[in-house]
Every structure is written in C-alpha cells, then in structure tokens.
Amino acid sequence: MSDATAQPQKTESFYDLVGGHETFVKLVDIFYEGVAEDPVLRPMYPEEDLGPARRRLTMFLEQYWGGPGTYSVERGHPRLRMRHVPFKVNPEARDRWLHHMRAGVDALSLPPVYEATLWDYLDRAAHSLVNSFED
Ligand code: HEM
C-alpha cells in the first residue's frame, strides 16, 4: 500500500552527483595552483593571500550547482559581471583562466556527461565576463 504521507524524494543536485564539497574544493585548489604561477592572472588578484579568493570561488560554484548557499549569505547577489569590472578581462585573461580551470576539471575524472556539463558552463561563463579587448 502506498503511503500518502511519505515525503517525495528530493532530487539529487548536480553538486551531489559530482561528489559535493570535496569535488569543488579540489577543482578550485587546482585552478588556483595555476593562477598562483600565472604572470598575467596573478597580478590581477588584489590580495597577497589567494586563500580568500579561492574560498569565494568555491562557495560560488557550490551554490550555483545546488550545494550550500553560503556564497550569497556572505557576499549577497553574485553580480559576476559587475564584480569583474575592476579587472581587465580580455581574451588572453579569459583563455588563461580557462586553461587553469581545465586542469582542475581534468583532475576530477568525472563521468563524461557531468564533465561536459561543468565545462560547458565554465566556458560560457568565462566568455560572458570578457570586458576588454585591449592588450
Ligand atoms: C574570464 C576570466 C576571469 C578572470 C580573469 C577573473 C578574475 C577574477 C579576479 C581577479 C577576482 C578577484 C578575486 C577575489 O577577490 O575574489 C575574481 C573574483 C571572482 N570571480 Fe572571477 N575571473 C574570471 C572568470 C570567472 C568566472 C567564469 C567565474 C564563475 C564561473 C568567476 C567567479 C568569480 C567569483 C565568484 C569571484 C568572487 C566575487 C566576490 O564575491 O567578490 N570568475 N575573478
């Protein structure tokens, strides 16, 4: 007999499907290892310590994919285009950003369909944040 009072199953988020917090920490850690050595990107980061920036990007991605909403609790609405205005995001910066992110995505060894979903988003987001065509 079916139980009319049973709670419907909560749909699993993409965040859960790809491995939750550990996965996003790994992705962003590898990304920032690349940024730390990048002669174009590294000087753009205002803080000496990349730790806080690493944490903000991790929280943002976790929230975007259905994980904890800590990013918005701490930072408010993401407004990513506005938050990138102080930085010169030209095609070179975008491609370097994507190069380091690709290293992170590759290291996750996700099932191909999840990997494609994640990469497609990151690629589109990076293209949407270009705000300069100057060298
Ligand atoms: C296209 C190349 C990009 C460049 C050169 C770039 C550069 C930067 C820099 C220099 C910061 C400041 C560091 C900080 O204080 O947090 C930042 C912040 C941030 N970026 Fe990017 N970014 C790029 C693309 C992206 C993309 C594609 C995303 C999301 C998918 C993203 C998400 C964020 C977030 C969430 C923050 C922190 C915003 C805040 O709460 O203050 N960025 N980015």
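Residues are numbered from 1 along each chain as its sequence is written. In this predicted model, local features need pLDDT of at least 70 and side-chain atom pairs count only at pLDDT 80 or more, while totals for chains, interfaces and linings use all residues.

View 1. Helices (H or I, at least four residues) and strands (E, at least two) are DSSP runs, numbered from the N terminus. The order from the N terminus is α-α-α-α-α-α-α. The C-alpha trace spans about 70 × 30 × 25 Å along its principal axes. Of the 135 residues, 14% count as buried. Buried means that 20 or more other C-beta atoms lie within 10 Å of the residue's own; 12 or fewer means exposed, and in between is partly exposed, with C-beta atoms placed from the backbone. Among contacts between residues at least 6 apart in sequence, 74% join residues at least 24 apart. Two residues are in contact if their C-beta atoms, placed from the backbone, lie within 7 Å.

View 2. Ala, Val, Leu, Ile, Met, Phe, Trp, Tyr, Cys and Pro count as nonpolar, Asp, Glu, Lys and Arg as charged, and the others, Gly among them, as polar.

**View 3. Helix H2 (residues 20-36) crosses H3 at roughly 140°.** Their axes come within 9 Å. H2 is therefore oblique to H3. Axes are lines fitted to C-alpha atoms, for helices over the stretch in contact, and angles run from 0 to 180 degrees between N-to-C directions. Under 35 degrees is roughly parallel, over 145 roughly antiparallel, 65 to 115 roughly perpendicular, and the rest oblique. H2 contributes His21, Phe24, Val25, Val28 and Tyr32 to the contact, and H3 contributes Arg54, Leu57, Thr58, Leu61 and Glu62. These contact residues divide into six nonpolar, two polar and two charged.

**View 4. His21 lies in helix H2.** His21 is exposed, because 12 other C-beta atoms lie within 10 Å. His21 and Met59 are 38 residues apart in sequence. Their C-alpha atoms are 9.2 Å apart in space.
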